[in-house]
Amino acid sequence: MGVDAPGSANTRFGGGAERSGPLGPGALAAALGSTSVLLAASVLGVVLAFAEKAPCRSGAWNSYAGQFQRACYTDIYPLYYGEGLSAGKVPYTGHPVEYPVLIGGAMQAAAWLVRNVGTAIRGREFFDVTVALLTVCAVAGVLATARAAAPGQRAQALMVALSPALILNAFVNWDLIALALTALGIAAWAARRTMWAGVLLGLAVAAKFYPLVVFGPLLLLCLRAGRMRQFGQALAAAALAWLAVDLPAMIAAPSGWAYFYVFSKDRGADWGSIWYMLEHFNVPVFGNGELGALNKMSAVFFAVACAAIAVLALAAPRRPRLPQLCFLVLAEFLMTNKVWSPQYVVWLVPLAVLARPRLWPYLLWQLAEIAYFLGIWGYLIFVYLMQGNPVAGYHGISSGWYFAALLARFLTVSLLAAYVVRDVLDPERDVVRALGHDDPAGGVLDHAEDRFKLRLNPSAKRAGAASAS
């Protein structure tokens, strides 16, 4: 079962390129995937995202409950004051910042640009300047996703540009910077620009830590295809790019630079994570709120998931596509992590689209993300009210409804991951490969022969060889 999409005679978004007449599905898919259409869709998406934040920009962010009641919360405005930027402090050297260095640099650049603006509106102008930067990143991320898609299937990037969950979360934080750099890195790898791919992915890691998930799948797929030289080049370029950004901060302010890593390690179970729910309900063993135990459980579950993905990558009947493995690793990271903020959906959207460009499970997940986006703000109002604070108007949602939204997001991401695994194990079900492509985002991996494959049942292979003789 599926939902037909433009240019498709099936459930594939942008598929059906077999007929290429002037009015055929192939022509429609090509038109929808053109740069002009994708650019227009990206701009429409960011305009909607900006409009969603309009109530806060008009003053709602100065009311704790009001910003949640209007569902327009953003980290950008309060952190202008909370991180000392309004007082002229420089990230890392003047004030520790809970983000990697490239995000700190973006914060400082925006603060510098509004330094001469009147104090009454300077925070709002800081938000506007940051939005302008993030808009460029959103457009770049959409176009890069299109470049990493199969030829004739670039209309799939519309699922990124017009993603409802991405629009709602686009300006909650600075995550679009990492999205753009990661998407550009994957597009560069797809174009066989190995060194540039490494540089862009290294810069992405300097913005947010999650782009590291790309290197694990690259290692496994390059090992299987015998392309370790290209992997080594990309990894070296990434390390140099990361060092070029981080090393100055490491030298000038080692404690300020390290704060992000210390903060991540010392953070307990927080909003959105399955651990937060288990801890809330005091589930034996898994609901243990002790930080050391939580860190170990989170790390162990993620390691086990990565090991399973590694076996899948090396033993699958046909080598998985790069976006499939990247999506699986990132999904498992989010599901086992100590915190799962609403804006983390920004990380997942491009990889989900490239891994499995089908509409119905994607839309189901998007609905769950929308429910969680609204649910977390409602729950924060409820918690605030239960602490004895007066709240006029909407009183939010209770714990039960919040955790239902949390579970819905967890389960729909799990469902998407299960479908990706099924596509890997049965490549004929894979939308991309059903159209005759191999691994469009794979670059040097595309159509490469296997040099190494994990044999899970060598006895069966020997028996087959014996019977053949």
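Predicted model: local features only at pLDDT ≥ 70, side-chain atom pairs only at ≥ 80, totals over all residues.
A residue counts as buried here when its relative accessible area is under 20%.

Let me start with helix α18, residues 345–355. How many of the residues of α18 are buried? Eleven of its eleven, so by that cut-off the helix is mostly covered. Going along the helix, the buried residues are Val 345, Val 346, Trp 347, Leu 348, Val 349, Pro 350, Leu 351, Ala 352, Val 353, Leu 354 and Ala 355.

One partner of α18 is helix α10, residues 175–190. The two pack with their axes 9 Å apart, at an angle of about 25 degrees. That angle makes α10 roughly parallel to α18, since anything under 35 degrees is counted that way. The crossing is right-handed.

Which residues meet there? From α10 they are Asp 175, Leu 176, Leu 179 and Ile 186, and from α18 they are Val 346, Trp 347, Pro 350 and Leu 351. By type, that contact has seven nonpolar residues, one charged and no polar.

Helix α11, residues 194–207, and helix α13, residues 228–252, have axes that come within 7 Å and cross at roughly 40 degrees. That makes α11 oblique to α13. The α11 contact residues are Thr 194, Met 195, Gly 198, Val 199, Gly 202, Leu 203, Val 205 and Ala 206. On the α13 side, they include Ala 234, Ala 237, Ala 238 and Ala 241, along with Trp 242 and Asp 246. The contact of α11 with α13 divides into eleven nonpolar residues, five polar and one charged. As for handedness, α11 passes α13 in a right-handed crossing.

Last, the arginine I mentioned. Arg 433 lies in helix α21, residues 431–434. Is Arg 433 buried or exposed? Its relative accessible area is 9%, so Arg 433 is buried. What does its side chain reach? The backbone oxygen of Arg 319, at 2.6 Å. Leaving out residues up to four places away in sequence, Arg 433 touches Arg 318, Arg 319, Pro 320, Arg 321, Pro 427, Asp 438 and Asp 439.

Notes
Residues numbered from 1 in each chain as written. Heavy atoms only, no water. Axes fitted to C-alpha atoms, helices over the stretch in contact; angles between N-to-C directions. Helix = DSSP H or I, 4+ residues; strand = E, 2+ residues; numbered from the N terminus. Parallel < 35°, antiparallel > 145°, perpendicular 65-115°, else oblique. Left-handed = near helix turned anticlockwise from the far one by under 90°. Contact = heavy atoms within 4.5 Å. Nonpolar A, V, L, I, M, F, W, Y, C, P; charged D, E, K, R; others polar. Buried < 20%, exposed > 50% of the residue type's maximum accessible area, 1.4 Å probe, protein only. Polar contact = N/O pair within 3.5 Å; in protein donor to acceptor, adjacent residues only side chain to side chain.
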